Structure formats: C-alpha cells, structure tokens
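Here is a report on helix packing, cores and chain contacts. Look at the structure first, then read on.

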Amino acid sequence: MAVFEYAPAPESRSVVDLRPSYGLFIDGKFVDPTDGSSFKSVNPATEEVLAEVAEAGPGDVDRAVRAARKAYKKVWGPMAGRDRAKYLYRIARIIQERGRELAVLESLDNGKPIRESRDTDIPLVAAHFFYYAGWADKLTHAGFGPDPRPVGVAGQVIPWNFPLLMLAWKIAPALAAGNTVVLKPAETTPLTALLFAEICQQADLPPGVVNIVTGAGETGRTLVEHPGVDKVAFTGSTEVGRAIARSVAGTRKKLTLELGGKAANIVFDDAPIDQAVEGIVNGIFFNQGHVCCAGSRLLVQESVYEPVLESLKRRMAQLRVGDPLDKNTDIGAINSAAQLDRIRELSEVGSAEGAERWSPPCDLPDRGFWFAPTIFTGVTQAHRIAREEIFGPVLSILTFRTPAEAVEKANNTPYGLSAGIWTDKGSRILWMADRLRAGVVWANTFNKFDPTSPFGGFKESGYGREGGRHGLEAYLDV
Amino acid sequence: MSDVVEQSQRLAVRKTYKLFVGGKFPRSESGRSYLVQDSNVALASRKDVRDAVVAARAAVKGWAGATAYNRGQILYRVAEMLEGRRDQFVGLGLSAVEVDEAIDRWVWYAGWADKITQVYGSANPVAGPYFNLSSPEQTGVVGVVAPADSALLGLVSVVAPAIVTGNTVVVLAAEQAPLAAITLAEVLATSDLPGGVVNLLTGRPAETAPWLASHADVNAIDLTGVDDPELARSLEEAAAGNLKRVLRPPAQPTDWTADPGVRRMTAFLETKTVWHPKGV
Amino acid sequence: MTATTTSARSDLSELGRSEATLRTFLHGLPGVDQVGAEQRAAMLGTRSIKTTAKAWAIDLAIRMVDLTTLEGADTPGKVRALSAKAQRPDPADPSCPAVAAVCVYPAMVPVAAEALAGSGVHLASVATAFPSGQAPIEVKLADTAAAVAAGADEIDMVINRGAFLSGRYREVYDEIVAVKAACGDAHLKVILETGELATYDNVRRASWLAMLAGGDFIKTSTGKVPVAATLPVTLVMLEAVRDFRDTTGRQVGVKPAGGIRTTKDAIKYLVTVNETAGEDWLSPDWFRFGASTLLNDLLMQRTKLTTGTYSGPDYFTLD
C-alpha cells in the first residue's frame, strides 16, 4: 500500500450521449446500410458493448463515393477557398467547444487515458482543423504552382490508435484543398468519427463533402479499390499498405501511406538523464505503445547503461495503469483482444529468444484488455522484438558505443518513421539527424506532434507527409 | 395620450469615443476633441503618441512570444467578435459589403499566423557541415498611418498583417474616419488580444505622424494613409533617423477588396538565419 | 550522480578539498533540459487528488508548513500569535494537526522559543544576513550562533549567490560548512535562492554543493526576490536529493518557499515529491513548505471537506 494513495478521480461519462446504434454517414445524413450488416464497438477497458455500428457493404461504399463525387463537382470543388476555410474554422471551433465530450468518448472507445485524449488528442484535432482552414484560401502561396487544383474524391482509411486525430490528419487537408472524402474509421474505434459526422451537420457542411463509412478490412478494401476514388490515404500496418500499393497499381489514383515503425530512441552519455528517462517512457508507453512512431528500440550508450536502466525502472514503477477515465491514469487498456494476443505472443518470443523481461509490480483489472509496461534487456538486433513492430507497451533495450554504431543500429530496419536522440551536444544531434533514415527525428524530446510539422516515413514506413505545407501536396493535383 | 407617447420615446445613451492605448480607453492627455458625424472624438497629441509607443513596446515581448497558433486563434476571435457587431458598423454608415470584407480579412490573416514562416523561411543548403535555417521574425513596434479611403476594411487591412507576425502597432486613424476605428478598438478589446498590441489614436495624422516617424523606439512605419506626397517624403526622412523600415504610400489608389498577398506582412519582418555545426 | 546504484555508495566528502575537484564534479552532473523538466512538472500538476486522498494530503501539508513571518514590521505580539496558531491552526477543530515549525528573524527567536516551549513545533530562524547574505562570514556565524543559543533548532541560511554564479564554488562550500558547524545540533536548511540562479543546471549544481557541504535541507527561496519556489525548480531539487541519497546514503530534505498560496498548489508539490523523490520524503522531517498565507487556504479546504460547504477568510485568524 502506497503512502500517498490517489483516490479514484473518474471523469464523468455523462457528457457523452451514446445512441444504441449508428448508421453510415452518407450525403449529410445517417442512413442504414443497404447491403451491409452491423458490428459492435466495445469498451476495451470493460468489454462492455458501447454501440451497434453499421458495416458498409460495396453498395454503401459506392453510394458514399457517388455522394462525394456529386458534392465535389457541384459544391465543394467550385466553392471559393475562403468559404471552405470558414467551414473548417467552424468545425475546429465546434471541436474545441465539444472537447470534453470527444475526449471521454475517445477514451471509452479506444481505451486510452483521459489525460491523453483530453490534453493531447482532442486539442491536436482542433489545431489541425484550424491550421488547414487557414490554407484553404492560401493554396496559391503553398509552393505548388500558381493555380493548384484539388484531386477529387479521397478514400481514406484510418487506424484505431488515435481515431479522431487520424481523422483530422486525413480530412482537414483534403477539405482545405477542395477535395471531398469518404473515410473509413477502424472497426474497433468508430464512435468519435460518427460524432464528428454530427459535428459536420452542426457546422452546416454541405452534404456529401464528408462521408463516413464504418466497417472492417473488407469495407476499407472496397473503398480504396473503388474506381470513383481519385486519391487514397491510408494509415495502418505496412502489410495492408503494401496490398493497397499493389491495388492502385495501373490506376491514376494518388496514394499516401503512413505505416509501421520500429523507432530507435538513442541516449548518449551526456544526455540530460532525467528528461531522457521521461522521453523513453513517453516514447514507448504513451498511448499504451499503440503509436506507429513509438520509440520501441532504446539504444543506450554503454557508459550510462546501468544508471539509465535503473532510473527507467524506478520511473516505470510510478506508472499508473488502469481505468482510462481516471484522470490519474498513465496507461490505459490495450485496444482489442486481438492486439493483446499479438503483444503477448511477441513478448513470449522475446523471452524465448533469450532477452530478459521486466515489468514493475502492477495490478491489472480483471475485465478488459490489459498489458503491464514491459522492458526487455539483453536484446540484440537479431531478436524478433528488435525487428518487428509490437504496437504495445513493450520496449527492447540495446546498447552502443559510438555514434556511428548508433546510426548503424538505428537504420538497420526496413522501417524509417521516426527516431530520437538524447544528448546535450547540439552538433551531435545534427550529425545524427543527417544520418538517420527516418521521417521524423526528435532531439531531447519524443512523440511531439503539431499541425504545422510534416509527419511521415522513409522506406517501409510509407510515403507522403501529413501536416504542414507538405501535407497539402497529397491532396493537390501536382 | 400625449404623455404615453413621450414615455415610449426612450432617450438614447450616447457613446464617448476615446483613444485606445494599452488595452484601455483614455481621453487624449491634451483634453482636446473634434467633431465627426455629430460625435466628439478625442484629438490625440504628441504625448498620446509617446504613451502609445510605450504601451506598444511593452506588449512586444508577450505578443511575439506567444505561439503562432495562439496569435492565429486570437485574430480569428477578432473576426468572430466583429461578425457579432456587424450591424453597429453598418449603423455608422459603412456598407455591409465593406464590413463583411473586413471580417473575412481577419480570417485571412488569422490563417497566416502559423504559415508565414513556412512560406517566407527557408532551410539553406550551405556548402559545409552546417545546419542553416532562416526564419522570419517580427521587427517590433510598427507605426501605421491608416488609409482614409476605407474606414474599416482599409484599417483592418493595414493592422492585421502587421500584428499577425508578432509586431505591435500604433495606428493613427484617418482624421475623418475615427468612429469605425474606435468601434473596431472596442472589438479588439473584447477579443483576447493583449492590451498594447494595437494602440489606436484618433485626431490629425498630419500633426501626430511626424512624432511617430521620428520616434527612436519605433521600428517601422507604414505610410499607406499619407496622401500628401510632401508629407510622405518628410516622414520617410524622419524615419531614416533610426533606419525604420518604411512602407511607402501606394502609387495608385488601393483596391482594398483585392487579394492582399503577403507583402504587408513581409514588410515588417526581419529574417534571422541560424548556423550550427554538425559533428559528433 | 551517474552512479545511482544503491550498491555502490560513494564517499564524496573529499570533493570540497579543492576548487578544481568541486568544479569538475558539479559540472559533470547531467544537464537539465528546461523544456522537458517543465513539461514533467506540468504533467504532475495535472494529477487529480480527490476525496480521501485530498483530506490526507491537506493534513500532511499542514504538518509540513514552516509558518513564516519575515517582515521588518514583525512584533513580539505577532510572533506570539503566530506561535499559537502554529500549535492549534484551527482552534475550532482539535483534530487539525500542528504545523512543522515557526520561522522568524533571529531577533524574534526568544519570543517564539518561549511561546513554543514544549509544543513539539520546531523553531526555525533565518540567519547569515538573510535575505541577501551580504555580510562578512564572522557576522553570519555570529548571527547563526545567536539564533541557536536563543532556542532555534533549525537555521535557514542563504548561499552566497555572487560567489556561486561567478564559479567560486569552494567559497560557497566553505561557508556552508562553517555555518553548519555554528549550528551545532540545529538542522541547517540551505537557501539556494533559485530565482537568482537563472538555469536548472545551476539549481542542480547548487543543490549538490549544499548537500556535499553538509546541509540537512535544501530550500528554494528567501521569498524576497521576484521569483520564488516553482514546481519545476522543486522537481530538479527533488531529483538531486534522490540521487544524492542513492550515491551517499544520506537523506536530505527539500523546502520550497514563497509563492505557494493555495491548497491546489501544495498538493501539486506533494504529488511531485511522491513521484520524484518517493514516499520516503512524504514527511515533515523531509519536506516543508515555507509559507504564510498557505496555511489559511489549507484550513479552508479542510473545512470544506468536513462540512461540505466553502469557507471564507473571515473564519480563520489572520497571520
């Protein structure tokens, strides 16, 4: 029993008004699927069913794409940039105003701690809409020629780790540039996207500009393969990304992919150790490690290996795992039973391959999907846990002796999404950054996101960038 | 019967038009006023200019230090508040079209807050092991002589681009268009804009502008509203005293409804280039 | 501090022998990244402490208060009143604990000593030419000895910031050692005046310097300069005492002082103690608040928890 036991501090669920069932959002209205069925979205922290959600069939996807096409031709494409901007500003403001509701719903459906959905996800969602709202009437200044044109209808498929944030990353630039969208949220986390559909209604967004088709992988496949889609944007696994890249081959569809990662977080012996430890913890345990750019490989310079490991363990013992709606929770629930199985399986492989596993003492709830924060020491480059994306709160720790060795190890992966560098020496940060084959390099920080800052990967972590001026390119006919 | 009529005719409460300095609405320290559209308007003096510059200077650190996102949010808030007072401006005799354009102009510049750096800055591939990045940065306090031909849209079009990048301004409102200017100040005062970012003086720019142009603690001056070429030349000469950045009056009358571009922002930006070696 | 392993305790007592060894050691401490440290402190500030945890934290915070009056206008009457309040902060509620200590100028020590005799409340006195520390060492030592002789069992000294900032660490060190000797059995709290140290790197170095020289507590501020205690500064100091104990085996206390006025603030500090140095520091023996107005807010919040309604300042005695 701790001396200072924090009493439960649950965020109220009452701000969320969940309906028992949700239809598809097509052409400005919620409609029942015509050739689809339905599925249940559950709270991963309790396994309670939150709502019944429509599963779109091919006919439904077709309807959505047609609605998007019509809106693109008749309304959104011809609309003046400054009016598109005003719609996006409206949406941004409504997101701010309904922020608490969105945060609670996100935590309920995804399992992430309310502190993260409240302080990170939802504010970033609003910021993203604000940022791209501002581009809608400034496209001629964006560096893509004097008269950049939209692409048309975008088919967008997003993952479950940051449901609403990934929606914002997809929809905000698409709409700013003058495209219309059909978006498919992940099957385990469709609810905030549906609430977003209500927000579009509240903003009087013209029908068909945003269409949300819920469903699983098959719905997503139907969407990206639909001939009426001009642009495909996907965030998710490298495996599915590869399949999509194949499927658009030979078409005129534009494609951007934001896929997996196995980022190295590199700690030098002159690093600000306390902040580095915070960065390591944030890098891998933020959002239960369900982060494509997670710092899942820790590379520590040998001369500080012991103190860093000890500080890390001490810090991990402070992590509070449990009820996502408790304001003091640091680590919430694993998003699904399937994901929990994968994390367990890879962790067992880690032990079987000879790495040493450690977790702080930690009581996990009986119901729901949970996994204690875990580190593996004695990991080598050859271990599967050092190569494969686990997408959970599991850190593999390796060591290095020289900067060149750190670069070599960091780059020795098919992925290339992100990397972290911890050192007090500025010139070394820049030297390392030049050599790291990764789309985002954080120095003395980690997992930082901003709408103005382009995000995306090298190599098998995908192509195209989301965020910033670069994020417009994917949605312009350039 | 006649009593009833008299009671139903409510006697209006008239507004006092004062200066806007440091987030407050003082009268001119000179105690002077002049008559515009049947209202007494404060006639600012050189000491009001001095006070306004002090207020503007004090506000630079906080305003320039705010995140671009935050500045953008505040400019957008100005648009929201202005929209709510649309009718008030129409009541001052402005056309609805002009008021709408003025609202939209705030929205346009709000969006620039976090984009001008991306459009106007650069990563420079110098021939050597150096990181090299150029970023725009506010110049500081900008004196603005507001145009006389567009009481609201023209005013907004000169103020918003100066402040969105982190400058603070001392604006000399056009002599015959002070009512819209002070009403706009009331909008600004209720828009989360920190006091001192915009300071607005009514009166005779021909009298006050020389003090602003020669003030050593002013970094730049926008002469857009100076119609007299001789005055413009003398103001530019005075501005040379501390090498103020000068935006000259337009050669042709300005179409305030046209796409303003980025020129009015870049006129009041410095470029800072940072070098840093790269090595283990 | 890099050797944080508890198994490898080091004897650092030789470090003060020369300027060079002291400098090498202090400059070899890991740096503090300002942004990261402030973000960590801000995150800890978002902890939500409610109901039972809040009640517990309020009582602990009351027990940690060094009830302070350090004004030129202090009178024996005021010091007596403060001493009475220290022992029974809420006369209406006997379950309310006493504070840790009363903190006064040396001239007021005899009055406070008499008022606090036998109460268990400690008597702290600022000494060493508080708050500037600008006096000859002989005067500072005499100041200290006089306060101890008059009954103070805790001495709050100020370091020589001028010497510290110009890198004369040995001078600062020697002065602390000398004052510690003059304290005898009294506990020595070393005020770093972090508001004048400018960087967190300096806060960390000054913390280690004070601990190496024998300080029993490290304290943020005099309360007499514009920037007093802040959460990130206290975080850095808590990391220092944690690492110092890991390295040497000796535990040192921490006292943020100045600027902590509300229960909400106090609870943020307790959370930071809990999640940085750890629960061993959650005791008045190892953590104090240098404050005056804080106590009344703690009492009001305590009343709110017991009665369910908000109280007002009229219901508690002025300090």
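Which residues in H3(C) meet which residues in H11(C)? The model is predicted. On the H3(C) side they are Ala57(C), Ile58(C), Leu60(C) and Ala61(C). They meet Thr263(C), Ala266(C), Ile267(C) and Leu270(C) in H11(C). Of the residues in this contact, seven are nonpolar, one is polar and none is charged. The axes of H3(C) and H11(C) cross at roughly 90° and come within 10 Å. H3(C) is therefore roughly perpendicular to H11(C).

**A helix pair in chain A**

Helix H9 of chain A spans residues 273–285, and helix H10 of chain A spans residues 305–316. Their axes lie 10 Å apart, at an angle of about 60°. H9(A) and H10(A) are therefore oblique to each other. The crossing of H9(A) past H10(A) is right-handed. From H9(A), the contact uses Ile273(A), Val277(A), Ile280(A) and Val281(A). From H10(A), it uses Pro307(A), Val308(A), Ser311(A), Leu312(A), Arg315(A) and Met316(A). By class, the contact of H9(A) with H10(A) has eight nonpolar residues, one polar and one charged.

The two pairs are set out below.

| Pair | Angle | Axes | Residues of the contact, by class |
|---|---|---|---|
| H9(A) and H10(A) | about 60° | 10 Å apart | eight nonpolar, one polar, one charged |
| H3(C) and H11(C) | roughly 90° | within 10 Å | seven nonpolar, one polar, no charged |

**Cores**

The largest nonpolar core holds 246 residues. Leu88(A) and Phe129(A) have the most contacts inside it. What does Leu88(A) touch, not counting residues up to four places away in sequence? The list is Phe129(A), Tyr132(A), Ala133(A), Ala136(A), Ala172(A), Leu175(A) and Ala176(A). A second, separate core has 104 residues. Met157(C), Ala277(C), Phe289(C) and Phe316(C) are included in that second core.

Helix H7 of chain A covers residues 217–225. Thr219(A), Gly220(A), Thr222(A), Leu223(A) and Val224(A) are buried in H7(A). Strands E5 (49–55), E6 (153–157), E7 (180–184) and E9 (231–235) of chain A are among the elements that cover these buried residues. The cover also includes helices H1 (58–76) and H8 (238–247) of chain A.

Gly241(A) sits in helix H8 of chain A. Is Gly241(A) buried or exposed? Gly241(A) counts as buried, because it has 23 C-beta neighbours inside 10 Å. Leaving out residues up to four places away in sequence, Gly241(A) touches Phe234(A), Gly236(A), Leu257(A), Leu259(A) and Gly462(A). Gly241(A) and Ala176(A) are 65 residues apart along the chain, and their C-alpha atoms are separated by 25 Å.

**Contacts between chains**

Chain A and chain C meet through 26 residues from each of the two chains. Helices H2 (34–44), H3 (51–63) and H11 (263–276) of chain C each supply at least two residues of the side that touches chain A. H2(C) gives the most to that side, with four residues. This side of chain C has nine nonpolar, ten polar and seven charged residues.

The contact of chain A with chain B takes 23 residues from chain A and 20 residues from chain B. On the chain A side, helices H2 (81–97), H4 (114–135) and H14 (426–435) give two or more residues. By class, the side of chain A that touches chain B has ten nonpolar, six polar and seven charged residues.

Methods. Residues numbered from 1 in each chain as written. Chains lettered and ligands numbered in written order. Predicted model: local features only at pLDDT ≥ 70, side-chain atom pairs only at ≥ 80, totals over all residues. Axes fitted to C-alpha atoms, helices over the stretch in contact; angles between N-to-C directions. Parallel < 35°, antiparallel > 145°, perpendicular 65-115°, else oblique. Left-handed = near helix turned anticlockwise from the far one by under 90°. Contact = placed C-beta atoms within 7 Å. Nonpolar A, V, L, I, M, F, W, Y, C, P; charged D, E, K, R; others polar. Core = buried A, V, L, I, M, F, W, Y, C linked by C-beta atoms within 7 Å. Buried ≥ 20, exposed ≤ 12 C-beta atoms within 10 Å, placed from the backbone.
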